[in-house]
Amino acid sequence: LVRGPGNTVAALFKQQEYFERIDEAGNILVPAIRLPTLNPSVEPTALGETGWPSFYGPELAYNGTVFGVARTGKSTGSAFFYTVNVSGQLVHGPLTIPSSYNDPGYTRGPALVCGQNAWYLAWNSRKGTDKHRLQLARITADGALDITWGDNGVFVVVNTGYPRTPEMAIDDGGVAAIVHG
């Protein structure tokens with residue numbers, strides 16, 4: 001659940017990315033709609049290379065104008081991002097953010113927050129059986145990967161011993177805090 005415009009709440013649920021908006025009295029403003037069906041250009045890319053959802057569900061955030069939707073790939077280690085308006089219509093994306101590994105395995109996450117004029121997306125990917133990377137991407141307000149940030153837009157936060165699902169928070173100054181483990 002995330003807070004949307006005018007004291008509404010938006011929900012993104014199930015692995016097929018159903019989007020719904022509810023007002024503070026519990027009235028349904030936008031009935032549950034399956035985003036990839038509504039936005040065919042997002043499917044199957046946003047759900048992974050096979051068209052099926054990744055093991056871990058999507059993440060939803062709101063920047064005051066649009067909702068950001070993030071998902072990790074099933075076996076490529078990539079992350080996917082797109083934005084929808086308050087009615088669930090596609091605005092930007094889908095954007096595929098490749099893993100910093102050349103031959104990654106499964107992923108964990110994602111965590112998604114919006115800072116000053118940018119989205120921050122964190123996820124963990126695995127290479128082999130014991131090498132894991134917690135990665136952070138910066139996405140511009142118009143839904144493009146900020147390739148001037150990190151290594152072509154992806155910053156490797158840490159190499160870990162075991163993949164964990166990250167959580168992230170950001171302050172008004174654009175500094176992110178990531179927790180995993």
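View 1. In E7, Tyr82 is the bridge partner of Val69. Strand E6 (residues 67-72) and strand E7 (residues 79-84) pair in the antiparallel sense, over six bridges. Another spot to look at along this pairing is Thr72, which stands opposite Ala79 in E7. Strands here are DSSP runs (E, at least two residues), numbered from the N terminus, and two strands pair if DSSP finds at least two bridges between them. Please keep in mind that this is a predicted model: local features need pLDDT of at least 70, side-chain atom pairs count only at pLDDT 80 or more, and totals for chains, interfaces and linings use all residues. Residues are numbered from 1 along each chain as its sequence is written, and side-chain values use heavy atoms, with hydrogens and water left out.

**View 2. The open sheet around E6.** Four strands, in the order E5-E6-E7-E8, form this open sheet with antiparallel pairing. Its edges are strand E5 (59-62) and strand E8 (90-97), each of which pairs on one side only. On average, neighbouring strands are turned by 15° against each other, direction ignored; the angles are taken between N-to-C directions of lines fitted to C-alpha atoms and run from 0 to 180 degrees.

**View 3. The hairpin of E5 and E6.** Four bridges join these antiparallel strands, E5 and E6, and Ala61 stands opposite Gly68 in E6. Four residues lie between the two strands of the hairpin, where Gly64 takes a positive phi near 100°.

**View 4. Two nonpolar cores.** A nonpolar core is a set of buried Ala, Val, Leu, Ile, Met, Phe, Trp, Tyr and Cys residues joined through side-chain atoms within 4.5 Å. In the largest one, of 15 residues, Ile97, Leu112, Trp119, Leu121, Trp123 and Ile139 touch the most other members. Two or more residues come from each of E7, E8, strand E10 (118-127) and strand E11 (131-140), with E10 giving the most, three residues. Apart from this core lies another of 12 residues, among them Ala10, Val30, Phe67 and Tyr82.

**View 5. The salt bridge of Asp146 and Arg138.** The structure holds one salt bridge, that is, a side-chain nitrogen of Lys or Arg within 4 Å of a carboxyl oxygen of Asp or Glu. Here the side chains of Asp146 and Arg138 meet at 2.8 Å, N to O. Asp146 counts as buried because its relative accessibility is 13%.

**View 6. A cis peptide bond at Pro94.** Gly93 and Pro94 are joined by a cis peptide bond, with omega about 5°. Pro94 is found in strand E8.

**View 7. Asn152 in the loop between E11 and E12.** This loop is where Asn152 is found, and its phi is near 55°, a positive value in a residue other than glycine. Most residues other than glycine have a negative phi, and most peptide bonds are trans. With a relative accessibility of 54%, Asn152 counts as exposed.

How values were computed:
Buried means under 20% relative accessible area, exposed over 50%, partly exposed in between (1.4 Å probe, protein chains only).
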